[in-house]
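Me: I would like to learn how to read a protein model step by step. Could we look at it together?

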Amino acid sequence: MSRSVMVLSSAPVTPAEFLDVVGALGGEKNVGPDGTPSGTVERDEGLMLVYPFEPDTLPYGPDLLAAYGRVLGSPPRSRAVVEVSSDPGSEWLAAEYVLAAAERWPVAVDDFGEQIVGIEEFQRRLAKRPSGFFLPDAWYDPSPAAARRDRVVDVTLLLPGTVEPAGVTRLVRSLGGQLDPDDRTDALLERGAARVWLRAAGPGEAPVDPGKIGLHREVLGEPPYNSVALEVFDTAESQTLAAELVEAAAAHWPVLVRGVSGQVMTVGDVRDRVAAGAVDVLDP
């Protein structure tokens with residue numbers, strides 16, 4: 001999973017020059033099968049990709065070009081798309097790229113919410129925010145709960161209707177986790193940098209994919225079903241820890257898993273992905 005921002009300049013910056021900045025940050029320059037240049041920086045559990053374009057090829061209407069020009073102080077001439085992965089540290093890498101580019105040319109950023117910010121405003125964000133550097137002011141929430149929401153993916157454990165979701169949260173305690181760690185979470189399982197938060201849903205509130213109702217009936221029996229929502233921290237270790245929780249729950253009850261992208265997985269599917277060394281175990 002990733003999101004992209006646009007780095008713009010009023011200078012005629014070539015793709016090679018945009019990628020020189022990638023090299024200065026310790027990254028690699030690449031060429032696609034069609035000859036398209038790109039760059040990759042991977043460091044400190046972060047990943048960032050840069051896709052530069054030839055100068056004076058901005059495919060935008062006059063209103064957007066004028067908005068870019070107002071922030072830059074003169075008409076925009078160059079652009080590069082910076083793709084920011086969800087891995088920890090990726091935002092910092094992208095911020096480093098913006099700052100390094102700004103040392104060479106006039107720069108503006110079109111952020112995740114299409115808010116255009118100049119380098120001074122971007123530096124203010126870096127000074128005041130621990131994360132969320134590419135979020136518009138209207139989107140940014142400095143609370144710890146918001147910071148957590150920005151760094152988790154959602155997974156759901158589906159259970160037979162006869163199984164109380166509270167039983168899963170009690171299972172977390174037997175695995176060394178905490179019960180009621182905050183006012184919005186029923187349990188927390190953590191190990192090193194890995195974290196999985198749990199919230200029990202009300203009886204019968206489990207989401208059911210109509211196309212998978214046969215699988216639900218085969219594994220869980222007849223509806224309605226119960227569920228436990230998992231917020232899985234955005235580290236590979238966290239998905240592995242969540243998979244261990246799935247295994248522990250499956251030792252007690254029939255279980256299905258609704259993965260990160262909505263796919264319904266059996267416990268066998270999860271085991272196969274763990275055995276295959278998948279990084280996104282719960283996002284097939």
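Me: Which residues in the largest nonpolar core touch the most other members?

Reply: This is a predicted model, in which local features need pLDDT of at least 70 and side-chain atom pairs count only at pLDDT 80 or more, while totals for chains, interfaces and linings use all residues. Residues are numbered from 1 along each chain as its sequence is written, and side-chain values use heavy atoms, with hydrogens and water left out. In soluble globular proteins, nonpolar side chains tend to be buried together. A nonpolar core is a set of buried Ala, Val, Leu, Ile, Met, Phe, Trp, Tyr and Cys residues joined through side-chain atoms within 4.5 Å, where buried means under 20% relative accessible area with a 1.4 Å probe, protein chains only. Here the largest core has 33 residues, and Met48, Val50, Val82, Tyr97 and Phe134 touch the most other members. Helix H3 (90-102) gives the most to this core, with 7 residues.

Me: Where do the strands sit in the sheet, and what is their order?

Reply: Strands (E, at least two residues) and helices (H or I, at least four) are DSSP runs numbered from the N terminus, and two strands pair if DSSP finds at least two bridges between them. In this model, an open sheet of 7 strands has the order S2-S3-S4-S5-S1-S6-S7, with antiparallel pairing. The edge strands, S2 (28-31) and S7 (116-118), each pair on one side only.

Me: How many bridges join strand S1 to S5, and how many of the residues of S5 are buried?

Reply: Strand S1 (residues 2-9) runs antiparallel to S5 and is joined to it by 8 bridges, with Met6 having Val81 as its bridge partner in S5. Strand S4 (residues 46-52) also pairs with S5 in the antiparallel sense, over 5 bridges, and there the partner of Val50 is Val82, while that of Met48 is Val84. Strand S5 (residues 78-85) is mostly covered, since 7 of its 8 residues are buried.

Me: At what angle do helices H8 and H9 pack?

Reply: Axes are lines fitted to C-alpha atoms, for helices over the stretch in contact, and angles run from 0 to 180 degrees between N-to-C directions; contact means heavy atoms within 4.5 Å. Helix H8 (residues 236-250) and helix H9 (residues 267-275) pack at about 140°, with their axes 10 Å apart. The contact is made by Ala243, Val246, Glu247 and Ala250 of H8, together with Val267, Val270, Arg271 and Val274 of H9.

Methods
Buried means under 20% relative accessible area, exposed over 50%, partly exposed in between (1.4 Å probe, protein chains only).
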